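Have a look at the model first, then read on.

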Amino acid sequence: MTARAVSLLMAGAFMCSAQVPFERILHADREPQNWLTYSGNLNGERYSSLSQITAANAKNLELKWVLQTRPPAESGGKYEATSLVVDGVFYTVQPPNVVVAADAATGRIFWIHAYNPSQEARLCCGRVNRGLAILGNTLYMGTIDGNLIALDARDGHQIWSVPVGRPEAGYSVTVAPLVVKDKIIAGPAGGEYGISGFLAAYDPATGKEIWRFNTVPKPGEPGNETWAGKSWEHGGGSIWTTGTYDPALNLIYWGVGNASPDWNGAGREGDNLYTSSVIALDPDTGKLKWHYQFTPHDEFDFDSTQVPVLADTTWQGSPRKLMFFANRNGFFYVLDRVTGEFLLGKAFVKVTWATGIDAKGRPVRVGHSTPEGAVIYPENQGGTNWYNPSYSPRTGLFYIPSWMDTHSVNTARQEEYQEGNQYYGGGATHDIPPLRAPAILKRLPDSGWGAFQAVDPATGEVKWQFKMADVTDSGVLTTASDLVFAGGREGYFYALDARTGAVLWKGMTGGQISAGPVSYAVDGKQYVSVAAGNAIFTYGLRDQQ
Amino acid sequence: MRVLACILLGVLALWAQEGHGVTPADIQRGEQIFVTNCARCHGPNGDAISGVDLASNKFRHARTDRELMDLIKKGIPGTPMPPGNYTDDQASAIVAYLHSMGNAPRSTFDANPGNPARGKTIFDGKGQCRTCHRVNEQGGFTGPDLSSIGGERRPADLQRSLVDPSAGIRDTNRPVRAVTLDGTVIQGTLLNYDTYSLQLLDTSGKLRSLRTDKLRGYELMKTSPMPSYKDQLTAQETADLVSYLVTLKGQTR
């Protein structure tokens, strides 16, 4: 069945109802004309089976519509949201928490819901939101002042709001929630404010918390012994990038943020579980099945808040359920997602904090933050970051937005915790200016540049590398026609050949791209859409005359 | 060491010019808070956000130190500047550090005054500075416009740039040299570049955007085309020249 036939069939089936039961999200691959969840599907591949746009016709891509932010959205804020598309309706979040529903074919707005966050909201790194979740007729959004809210997808009115954490103590919710069965899964950011992190499940109808897993365990909980003294009290372990779900194993996988204070490990001696780890939980109960810690005793603010990508492929000749994880700490990992067993760890950028990963999966640590300041590769923003990777089951390659040859001087400093104050315990210099600095590039290329890298997960070898003068904060999308869509700080949005990295097409958005692209179809026409600068840019093929 | 020097200079400046009870410890504490909490967005020099220069001693949203402290504590609604939840003491330390950044240049100047009038003569004559630099619309385009340099750089930095021009090239003054396919050399100041092109102000004052696939090659230079004045000017002449540069505050622009 062609993508167009699927599109028409599904459009017919859901024409009378905007309802998105979980079954639709679970089988999102059956309706590629929609983008129903953060990564497009629950396995995090961010792979679209749409194939109308091909290597041969990509040169005919053109801008179809632009949706610009207007107040009360904050222009100049970082537009990091992945949009959703449901049966021809496009849902996005303009920074900080302005939800917009628009016609996915034209960009005409149906409604706007401008959530007004409390003045108490405090964010380390921008008043951002990474996207929505949908279930039934309801949209779910985290707010920068620490709430989870439910909106009616038909008119945008707010149904309920529940506190996830107290904004005056540095709790915010920037993650796009994940719908798993009858639960909304989310957790708080705030690893720079010494929060006590957790991942939680909420009732879609009421917002009532159903379970909570403490990412920094309390006394009596396993893992608390990995924190010296009372350091667990303000240990961080934030949640700010969306996880994934394996229905066969009934496990959710989630990356956990840094230990607090970020740079000063003195006083929190130990591995500091489950910070800078990936956790595998039972979504019905929140019980931990396994964990793997990428950066034990993190002293560089590396977090581990990337999307854990789930792939069913072969490992050393045998079928195996795998997880691919390109970590901010500079290593690409392959884990067995049934058990958490470490299978491979290989640097994809220059790394100096560890010489490698030992056979048991523990980094061979050689670098630390020091009072004098220590030069560490990669820089504080990492070899990659929240920018989502993509895995194409067709090419078998894993695509990583990468920051090449960057370093920070990491300084540790004694600091007392005070509620609501930033709690860094030091700091890092940056090779690269913050994202919202002027989009002008003058620095020498030897102090950091950007690349999309295609990695063979079987070996960790880089198969191709597409170089950019500036770094990128863009996510990656792959399609069934073997295209890679991605952008960067320069403002170019690219279609690359997924097998070679060759540029097939590029468009100039005039703004920095710091979000993940999505693909969808309306009336049988495929679109590719991404946030850039202060706007959404949506591309499609030129209509035949 | 440089940080320490700045702190000391800042202290001198505050004591000399404002006369209130700011101690070196206050500034050092303010610096620590700044580096940890503020520099991530504002940059180490306080100028990473377009249109905001924390080291200028000019604050758009605050007229007094008290207002500046309140701003630091409460943030600026509707902007990315978040509330900091600092104590008065911490906010005061940050303010002290910000002032030290802004005041540091004049302190060096005070410590080693030259003669601005003699400095101007050197600038226009012996130093041949206008060949490459503009002041108030007069001069060349090879180097940066110096019309407001006295409000932008610390005297110590100016002195260093005269002696060792390549030591402190700011990205804003990045020299670039490109060679076209037909062998033409184009030199200028880099304004921007990306994967496919360079944007520059060439030495004739013309804005040029060059496609890199139309170039034989190009180089973003780590060294300055400016000659060192180490052996060309006496210590007194250098001090005079610095003292003249410090007076350039861009009033006529």
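In this predicted model, 29 residues of chain B are in contact with 29 residues of chain A, where contact means that C-beta atoms, placed from the backbone, lie within 7 Å. Local features need pLDDT of at least 70 and side-chain atom pairs count only at pLDDT 80 or more, while totals for chains, interfaces and linings use all residues. Residues are numbered from 1 along each chain as its sequence is written, with chains lettered from A in the order in which they are written.

**The side of chain B that touches chain A**
- The largest share, seven residues, comes from α2(B).
- By class, this side has 13 nonpolar, eleven polar and five charged residues; Ala, Val, Leu, Ile, Met, Phe, Trp, Tyr, Cys and Pro count as nonpolar, Asp, Glu, Lys and Arg as charged, and the others, Gly among them, as polar.

**Chain B as a whole**
- Chain B has seven helices and seven strands, in the order α-α-α-α-α-β-β-α-β-β-β-β-β-α.
- Of its 253 residues, 41% are buried (20 or more other C-beta atoms within 10 Å of the residue's own, placed from the backbone).

**Nonpolar cores**
- Leu132(A), Ile134(A) and Ala186(A) touch the most other members of the largest nonpolar core, which has 159 residues; such a core is a set of buried Ala, Val, Leu, Ile, Met, Phe, Trp, Tyr and Cys residues joined through C-beta atoms within 7 Å.
- A second, separate core of 22 residues includes Phe34(B) and Tyr97(B).

Conventions. Helix = DSSP H or I, 4+ residues; strand = E, 2+ residues; numbered from the N terminus. Buried ≥ 20, exposed ≤ 12 C-beta atoms within 10 Å, placed from the backbone. Contact = placed C-beta atoms within 7 Å.
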